[in-house]
Amino acid sequence: MKKIRFFCEGSQFNQILCAFLISVPMFCYGNSIGWMSPMTLLLQSDKSPKGVPLTDLEISWMASLPYLVCVPGTYLMAAIGDRYGRKLALLIMSGISVAIWVLKLSSMNIWVFITARILAGVIMAGSCVTCPTYIKEISEDNIRGALGCWGALFFTTGSLFAYIICDVCSYNVTLIIFTIIPAVHFVIFLTMPESPSYLIKRGRDEEASKCLEWLRCRSAFDPTIKSEIDYVKKEQKNDEGREQFLLRNILSDKILRRAFQISLVAALSRELCGAVPVLNFAADIFHLASEETGLKLSANQQAMVLGTVQLCGATLASGIVERCGRRPLLFVSSAISGLSMCLLATWFLLQYLHPPAWIPVITLCLCIFCDAAGLMPIAVVIASETFSFKYRGTVLATTMAIASVADFIQLLFFKPLVRAIGIHVSFYFFGMMCLLTAVYVIIMVPETRNRKLEEIYYDLKTKKEKKELENRNTI
């Protein structure tokens, strides 16, 4: 990076700027997911720009394909990031984002739409793996949690932006706007630095030093630059000499296995909190509420309301995560989600008593708010903070792949299960999963805020292991 400094020594502006640009592909991912909601109505109407309305089967494939592609996609993006650098992986994401919208502009063929949705799955994978990893590796400890939560913030902003743009602009104008954003981002991001951890891993210490000088707004002679490089080298040296099959390393090491278990539970808690099925029932819930209140919203207006709730939750998470910590935020969001799901289940169970119609609307918004404020961002932050450079990409890829499979199964079987056992049973299940997650957080999850790996791993040791370590140190 050029040594141009407009801010005082030690300013964090460059880290914030870099993290902002790293998060833009997640905004584009939000555009891709948000686009489906309003465009489904248009593409299945008599006014479809295709000329012929799309069938339910075609729409179903378009909606579910990204979740399937995300499973292998997470490993692909992790491999690209580890081998060729986080910066290249992010540029690939922006390039694919441009391709998605260019494809939709160029043809109305259903296979073109399906191809575009397959590419959206790759963006989804990069958003789960590349972006949080990159942000963690360019950030100082005291802001990495807040910046790490930007993934959820940018995704929800992108979704809400898509709802609004699709409502006020024509089909082609919408696609052109969505094309311009990643194209401009691709050009601007060429000026950003590579991850210092990646450069050190490749033996490019001088480049890593220059990157850190720019990111930390410090001179080349500042001792904090050298100490940070030394710490990353030490962290990477501890991982040397192990097998290349990283998952085997993780599962065979007690501490790494416990850290992986925590990351996996955090990732699955987001999928099992009930946010996905609740969104599927959002239209029914809003309809029931409108009968009592008289306030009727279109499908797109409902999406805007839910998008605004998600955005508020993600904004809150970004603002308080460095003050309250990861553990309390995950516990509170899990507990409130669990209680709201149980209340929603009870409402459905007691419908014959005609309970107030505002109850499901409130519980719906609470669940979505908690998902965006804690479960969605904190799962990624914890996974990125509890592993070194060598394992970080693989762990995020594996946990997000498993979470994507859970999402796909949930979307596929939720409605048949509801018909078979009743919707209240399903929501009680989600509520119990959230409450069990809250208990698990209290018992098993260590705080990771402003802490080094060795401090986190020390907390993961059992009392017996800690005592043995203390005895060895006193000898």
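How many helices and how many strands are there in the chain? Hi everyone, let's start there: the chain has 21 helices and 0 strands, where helices (H or I, at least four residues) and strands (E, at least two) are DSSP runs, numbered from the N terminus.

A quick word on ground rules. This is a predicted model, in which local features need pLDDT of at least 70 and side-chain atom pairs count only at pLDDT 80 or more, while totals for chains, interfaces and linings use all residues. Residues are numbered from 1 along each chain as its sequence is written, and side-chain values use heavy atoms, with hydrogens and water left out.

Now the overall shape. Along the principal axes, the C-alpha atoms fill a box of roughly 70 × 55 × 40 Å.

What share of the 475 residues counts as buried? The figure is 55%, with buried meaning under 20% relative accessible area, exposed over 50%, and partly exposed in between (1.4 Å probe, protein chains only). As for contacts (heavy atoms within 4.5 Å), take those between residues at least 6 apart in sequence: 81% of them join residues at least 24 apart.

A disulfide here is a pair of cysteine sulfur atoms within 2.5 Å, and the count comes to 0. Cys-18 is in no disulfide, and its nearest cysteine sulfur, in Cys-211, is 8.9 Å away. Cys-18 is also buried, at 0% relative accessible area. The sulfur of Cys-128 has its closest cysteine sulfur in Cys-70, at 4.8 Å, which is too far for a bond. Cys-128 counts as buried too, at 17% relative accessibility.

Thr-156 is in helix H6, residues 150-168, and it is buried with a relative accessible area of 0%. Beyond its neighbours within four places in sequence, Thr-156 touches Gln-310, Leu-311 and Ala-314.

Which residues does Ser-209 contact, leaving aside neighbours within four places in sequence? They are Ile-225 and Ile-229. Ser-209 itself belongs to helix H9, residues 205-216, and is buried at 17% relative accessible area.
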